[in-house]
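Here's a quick briefing to read with the model open. Take a look at the structure, then work through the points by topic.

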Amino acid sequence: MSNLQDPSHFAETTLPKQDYMARILGYGVAAVTVTIGILMGYFEPAAMLVTLIAIAYPHLVYAASRPFRIRRAYTTRQFLIHGDAVLCGFFLGYIQLPVELSVLFLVMINTSFIIVGSFTAWAFCIISLVSGAAAGVLIFGHVPPEPVPVGLFLTCAFGVAVHLAVSAFNSNRQARDLIRLKQKFQGQVERFQALSHQVSKYVAPQVWESIFSGRRQAKLETQRKKLVIFFSDIVGFSSLSEQMEAEAFTDLLNQYLTDMSRIALKYGGTIDKFIGDGIMIFFGDPKSKGTKRDALACVSMAIEMRRHMLKLRKQWAEHGMTAPLQIRMGINTGYCTVGNFGTESRMDYTIIGKEVNLASRLESEAEPGEILVSHETYALIKDKIICRQRGSAMVKGFRDPVPLYQVVDYRRDLGSNPSFMNHEAEGFSLYLESDKVRDEDRDKVADALEKAATKLRTRGIVQKKVEKPAVVPPTTTGTTH
């Protein structure tokens, strides 16, 4: 096998050549059998025409089928095998179907049918063989044949045996080639999978998946869609970069972006880009659950990011960073142009429009730890999320004041039985998401909280006793008589 790079090359070169050699051998057996039969006087001299046809037919077929093999290799192979079946049946009908020779030729032609590889193809080949034999009998008539001479039978049997041996050898070699081809392509598939995994880190997972599944083409095209747009950044992060070593600062930033990206993907957000410590995310493309659910997912993501920032602050404080970093976020909902922008050789999947600008302006207006949403977003989430109106603001690029709404928390977490608790004081830090505590850990957590409460109360009582002033008993003086 000369080329393992392309499976179509295997179908267009190796298989046709093997079929060509098998066809030369099979028709050669027929030509030799007829020639020996003529010399022995078993066949009429006119049967020499069969010999000539058997010798020329494989070469003519190979040359004539070349254009079709290039375009439709498999179909051409099937068609030629059915042609062989019809021609073989016609030949058997011509020689009057002697039992001895018919059995040998049926064994030989059935070997070729079986190599086709499917029961349906084999069944249709048998039908073609019977049809050819019937046509031969109808055209040439049928006279009970004389017994086949032993020499003629042995000659035909030897030729059939050689044909079977060569067919078995070719089939074995073809199987080995296919195994080698499979192994090579398996290696290429694994290599391409590894490369595609590397490439996927440079684009949003949703975009990568839609391209590799064939739902989206990598071409310059855009569309208008209603999206929910999110912007965030860390307050005071730029000044912090001037105070920290480059390596420590890089590790901190990468940890922050990694954790926030994980939260974004959890809620189905499409990460558009990172701008230093800033993150731009949108919901609604390439997949959308409807604008209302997209908006709720986006705000839920923002709430979890705000809560997660508390964990990061504790972790960073343990490593000596005392700056109380907080994030600010802005969210807007509206129609944007989304798609591939750039050139045919370098494009970027992103969104543009005034609604994107408004989301960015809301983020700039937010205070540390605050989530600001537009009126459009507020209207979509107000039944699940409590928001507080924070007046309005004049923002760049907009003529009229923009209403501002501050996200407080989930309605379920502001009732009498909240699932989220957070409290910080000197010497004390509590972060609890009760709905995320596993059942097998609930008793352990409750015991730890009870022990902490007991310790605090005991410490308070002891402290009060220490601070309480001692009572000095009164002294008396008298005269002894």
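Predicted model: local features only at pLDDT ≥ 70, side-chain atom pairs only at ≥ 80, totals over all residues.

Residues are numbered from 1 along each chain as its sequence is written, and side-chain values use heavy atoms, with hydrogens and water left out. Helices (H or I, at least four residues) and strands (E, at least two) are DSSP runs, numbered from the N terminus.

**Nonpolar cores**

- The largest nonpolar core has 41 residues, and Tyr 256 and Met 305 have the most contacts inside it.
- Helix α11 (residues 291–318) gives the most to this core, with 11 residues.
- Apart from that core lies another, of 26 residues, with Ile 81, Cys 125, Val 148 and Val 160 among them.
- As for the term, a nonpolar core is a set of buried Ala, Val, Leu, Ile, Met, Phe, Trp, Tyr and Cys residues joined through side-chain atoms within 4.5 Å; buried means under 20% relative accessible area, exposed over 50% and partly exposed in between (1.4 Å probe, protein chains only).
- Once neighbours within four places in sequence are set aside, Met 305 is in contact (heavy atoms within 4.5 Å) with Phe 230, Met 260, Ile 263, Ala 264, Ile 281, Ile 327 and Met 329.

**Helices α2 and α4**

- The axes of α2 (residues 48–64) and α4 (residues 73–94) come within 13 Å and cross at roughly 180°; axes are lines fitted to C-alpha atoms, for helices over the stretch in contact, and angles run from 0 to 180 degrees between N-to-C directions.
- The two helices, α2 and α4, are therefore roughly antiparallel to each other, a label for angles over 145 degrees.
- On the α2 side, Val 50, Tyr 57 and Val 61 meet Leu 80, Gly 83, Asp 84, Leu 87, Phe 91 and Tyr 94 of α4.
- By type, the residues of this contact split into seven nonpolar, one polar and one charged (Ala, Val, Leu, Ile, Met, Phe, Trp, Tyr, Cys and Pro count as nonpolar, Asp, Glu, Lys and Arg as charged, and the others, Gly among them, as polar).

- Asp 285 and Pro 286 are joined by a cis peptide bond, with omega about 5°.
- You'll find Pro 286 in the loop between β3 (278–283) and α11.
- Gln 96 isn't a glycine, yet its phi is positive, near 75°; Gln 96 sits in the loop between α4 and α5 and is buried, at 15% relative accessible area.
- Leu 97, also not a glycine, has a positive phi of about 55°; Leu 97 lies in the loop between α4 and α5 and is partly exposed, at 31%.

**Asn 110**

- Asn 110 belongs to helix α5 (residues 99–116) and is buried, with a relative accessible area of 17%.
- Its side chain makes a polar contact with the side chain of Trp 122 (2.8 Å); that term means a pair of N or O atoms within 3.5 Å, where within protein one must be able to donate a hydrogen and the other to accept it, and residues adjacent in sequence count only if both atoms are side-chain atoms.
- Beyond its neighbours within four places in sequence, Asn 110 is in contact with Trp 122 and Ile 126.

**Val 338**

- Val 338 is part of strand β4 (residues 327–342) and counts as buried, at 1% relative accessibility.
- In sequence, Val 338 and Ile 351 are 13 residues apart, but C-alpha to C-alpha they are 4.4 Å apart in space.
- Not counting residues up to four places away in sequence, Val 338 touches residues including Glu 221, Phe 282, Asp 285, Tyr 349 and Ile 351.

Key: Parallel < 35°, antiparallel > 145°, perpendicular 65-115°, else oblique.
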